[in-house]
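Me: I have a chain open and want a quick walk through it. Can we go topic by topic?

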Amino acid sequence: MVTVGAPEAEMKECFDFFDTDHDGKIKCSELGDVLRSLGVVLSEKDIAELKQDVSGDLVPWDKFKELAARKPRQPEKQAKAILQAFEVFDSGRSGQVDMQELQRILAATGDKMSATEFQEVCEVAQLPTSGTLEYRKVVDTIV
């Protein structure tokens with residue numbers, strides 16, 4: 001059995017989420033997204049190196065497990081990356097971010113998130129939708 005610091009069942013669940021046509025394969029272009037969803041910290045260079053070992057545009061489950069084993073989870077590195085992301089929005093270095101400000105930023109940058117999506121994410125993650133968030137506690141919980 002090959003693991004990446006995640007139980008195989010968790011890996012399979014994540015893989016299956018991206019396997020939208022249920023053929024036991026994901027798109028090679030989704031490889032980085034699937035691994036990142038499992039908590040693996042990867043650079044674009046890391047992803048490109050993994051993709052070189054994929055023949056064709058699809059990655060079957062067994063090949064995914066093999067590739068995932070090469071890049072195990074690094075919880076400390078993941079926690080550091082998440083903390084650094086939150087610290088960008090914490091100008092006073094208080095360890096807190098204003099949820100309305102976070103929602104505004106997420107609505108304006110990257111994969112723009114609607115107010116409804118923000119509310120849903122907060123609800124699922126059991127985060128406040130207003131006020132402040134002590135992000136270090138969140139990082140400790142999720143990593």
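Me: Which residue lies over the face of tryptophan 61, and at what distance from the ring centre?

Reply: Lysine 12 lies over that face, at 5.0 Å from the ring centre of tryptophan 61. The cut-offs: NZ of Lys or CZ of Arg within 6 Å of the ring centre and within 35 degrees of the ring normal.

Me: What kind of model is this, and what are the ground rules?

Reply: This is a predicted model, where local features need pLDDT of at least 70, side-chain atom pairs count only at pLDDT 80 or more, and totals for chains, interfaces and linings use all residues. Numbering runs from 1 along each chain as its sequence is written, and side-chain values use heavy atoms, with hydrogens and water left out.

Me: What does the secondary structure come to?

Reply: The chain has 8 helices and 4 strands. Both are DSSP runs, numbered from the N terminus: helices are H or I with at least four residues, strands are E with at least two. Along the sequence the pattern reads α-β-α-α-β-α-α-β-α-α-β-α.

Me: And the overall dimensions? What does the C-alpha trace span?

Reply: About 45 × 30 × 25 Å along the principal axes. The accessible surface is about 9,000 Å², and 51% of that belongs to carbon and sulfur atoms. Areas come from the Shrake-Rupley method with a 1.4 Å probe; for residues, only the protein chains shown count as cover.

Me: How much of the chain is buried?

Reply: Buried residues make up 31% of the 143 residues. Buried means under 20% relative accessible area, exposed over 50%, partly exposed in between (1.4 Å probe, protein chains only).

Me: Next, aromatics. How many pairs turn up?

Reply: The whole structure has 5 aromatic pairs. One of them joins phenylalanine 15 and phenylalanine 64, tilted, at 5.3 Å centre to centre with 50 degrees between the planes. Rings of Phe, Tyr and Trp (its six-membered ring) pair if their centres lie within 6.5 Å; planes under 30 degrees apart are stacked, over 60 edge-to-face, the rest tilted.

Me: Where do those two phenylalanines sit in the chain?

Reply: Phenylalanine 15 is in H1 and phenylalanine 64 in H4, 49 residues apart, so the pair links distant parts of the chain. Phenylalanine 15 is buried at 0% relative accessible area. Phenylalanine 64 is buried at 0% too. Phe15, Phe64 and Trp61 form one aromatic cluster.

Me: Why is the pair of phenylalanine 17 and phenylalanine 18 edge-to-face?

Reply: Because their planes are at 80 degrees, with the ring centres 5.6 Å apart. Phenylalanine 17 is exposed at 65%, while phenylalanine 18 is buried at 16%.

Me: How many disulfides are there?

Reply: The search finds 0. A disulfide needs a pair of cysteine sulfur atoms within 2.5 Å. For cysteine 14, the closest cysteine sulfur is in cysteine 28, 16 Å away, too far for a bond. Cysteine 14 is buried at 12%, and cysteine 28 is buried at 11%.

Me: Now H8. Which of its residues are buried?

Reply: Tyr135, Val138 and Val139, within residues 135-142. They cover an arc of only 100 degrees, which puts them on the same side of H8. The face turned away carries the exposed Lys137, Asp140 and Thr141. Cover on the buried residues includes helix H5 (75-88), strand E3 (96-98) and strand E4 (132-134).

Me: Last topic, backbone. What is phi of histidine 22?

Reply: Near 55 degrees, a positive value in a residue other than glycine. Most residues other than glycine have a negative phi. Histidine 22 is in the loop between H1 and E1, exposed at 67%. Glutamine 126 also has a positive phi, about 55 degrees. It lies in the loop between helix H7 (115-125) and E4, and is exposed at 72%.

Notes. Arc of directions from axis to C-beta. Contact = heavy atoms within 4.5 Å.
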